[in-house]
Amino acid sequence: MQFTFVPLFLALTSAQQYSGPSTCRPIASGMILDCGSKSDAFQLKDVILNPAVPVAEQPLDIHLIGNLKQEIASGSTVSISPTVNGARLGDVNLDICKLAKERNLKVQCPVKPMKVDMEHSFKILAYAPKGSYDISAYGFNQDKVRIFNITIRHYFKQ
């Protein structure tokens with residue numbers, strides 16, 4: 001099933017210095033780190049980026065593949081922590097179900113366990129300052145149990 005529902009990628013124009021456990025599994029040439037555990041509700045299998053290296057002012061297509069093992073219901077959230085060149089920009093906290101409803105996404109809460117095959121495309125900012133960008137995203141269900149823990153890293157060389 002294909003759908004456009006993972007708030008992490010809706011906020012990719014933001015960017016956190018990764019400081020999580022060393023058990024993170026690199027995906028997509030190390031640009032994406034899956035730092036979750038086997039008990040997390042969402043198990044990330046693969047991420048395909050096109051182009052493989054994002055370019056300012058160009059579209060970036062993200063294809064996310066994984067398994068949702070537990071239901072996501074009302075009250076589930078995602079916390080996004082961005083940094084640029086080591087400077088923390090502040091956290092963004094989003095209600096997953098509210099976001100899905102506001103954006104009229106194909107999948108609405110409650111989201112039943114399913115295979116996830118999601119594609120999302122967006123344009124990289126025209127001016128992306130040279131430097132290191134990190135985005136960490138942590139999803140939590142309505143009971144505050146972690147759903148996922150993913151970090152995205154990129155270095156713009158402009």
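A: Accessible areas here come from the Shrake-Rupley method with a 1.4 Å probe, and for residues only the protein chains shown count as cover. By that method, the accessible surface of the chain comes to about 8200 Å². Carbon and sulfur atoms hold 53% of that surface. This is a predicted model, where local features need pLDDT of at least 70, side-chain atom pairs count only at pLDDT 80 or more, and totals for chains, interfaces and linings use all residues. Residues are numbered from 1 along each chain as its sequence is written, and side-chain values use heavy atoms, with hydrogens and water left out.

Start with the layout. The chain has two helices and eleven strands. Helices (H or I, at least four residues) and strands (E, at least two) are DSSP runs, numbered from the N terminus. Along the sequence, the pattern reads β-α-β-β-β-β-β-β-β-α-β-β-β. Of the 158 residues in the chain, 46% are buried. Buried means under 20% relative accessible area, exposed means over 50%, and partly exposed lies in between (1.4 Å probe, protein chains only).

Now move in on Asp 34 and Cys 35. Asp 34 is found in strand β3. Cys 35 lies in the loop between β3 and β4.

Take Asp 34 first. Asp 34 counts as buried, because its relative accessible area is 12%. The side chain of Asp 34 forms a salt bridge with that of Arg 25, at 3.1 Å from N to O. A salt bridge is a side-chain nitrogen of Lys or Arg within 4 Å of a carboxyl oxygen of Asp or Glu. Side chains of opposite charge can pair when their charged atoms come close. Arg 25 has 36% relative accessibility, so Arg 25 is partly exposed.

What else does Asp 34 touch? Leaving out residues up to four places away in sequence, Asp 34 touches Thr 23, Cys 24, Arg 25, Ile 27, Leu 44 and Asn 149. Contact means heavy atoms within 4.5 Å. Cys 24 in that list leads on to Cys 35.

Cys 24 and Cys 35 form a disulfide, with sulfur atoms 2.0 Å apart. A disulfide is taken as a pair of cysteine sulfur atoms within 2.5 Å. It is a covalent bond between the sulfur atoms of two cysteines. This link is right-handed, with 115 degrees about the S-S bond. The pair links distant parts of the chain, eleven residues apart. Cys 24 sits in the loop between α1 (7-10) and β2 (25-27), and Cys 35 in the loop between β3 (32-34) and β4 (42-50). Both cysteines are buried. For Cys 35, the relative accessible area is 3%.

How many disulfides does the structure hold? There are two. Cys 97 and Cys 109 also form a disulfide, with sulfur atoms 1.9 Å apart. The link of Cys 97 and Cys 109 is left-handed, at -85 degrees about the S-S bond. Cys 97 lies in helix α2 (residues 96-102) and Cys 109 in the loop between α2 and β9 (114-123), so this pair ties together parts twelve residues apart in sequence. Cys 97 is buried at 10% relative accessible area, whereas Cys 109 is partly exposed at 25%. With the bonded cysteines numbered in sequence order, the pairing is 1-2, 3-4.

The whole structure holds five salt bridges. One of them joins Glu 71 and Lys 112, at 2.8 Å from N to O. Glu 71 lies in the loop between β5 (59-68) and β6 (77-84) and Lys 112 in the loop between α2 and β9, so this pair ties together parts 41 residues apart in sequence. Glu 71 is partly exposed, at 32% relative accessibility. Arg 88 and Asp 91 form a salt bridge too, at 2.7 Å from N to O. Arg 88 is partly exposed at 48%, and Asp 91 is partly exposed at 42%.
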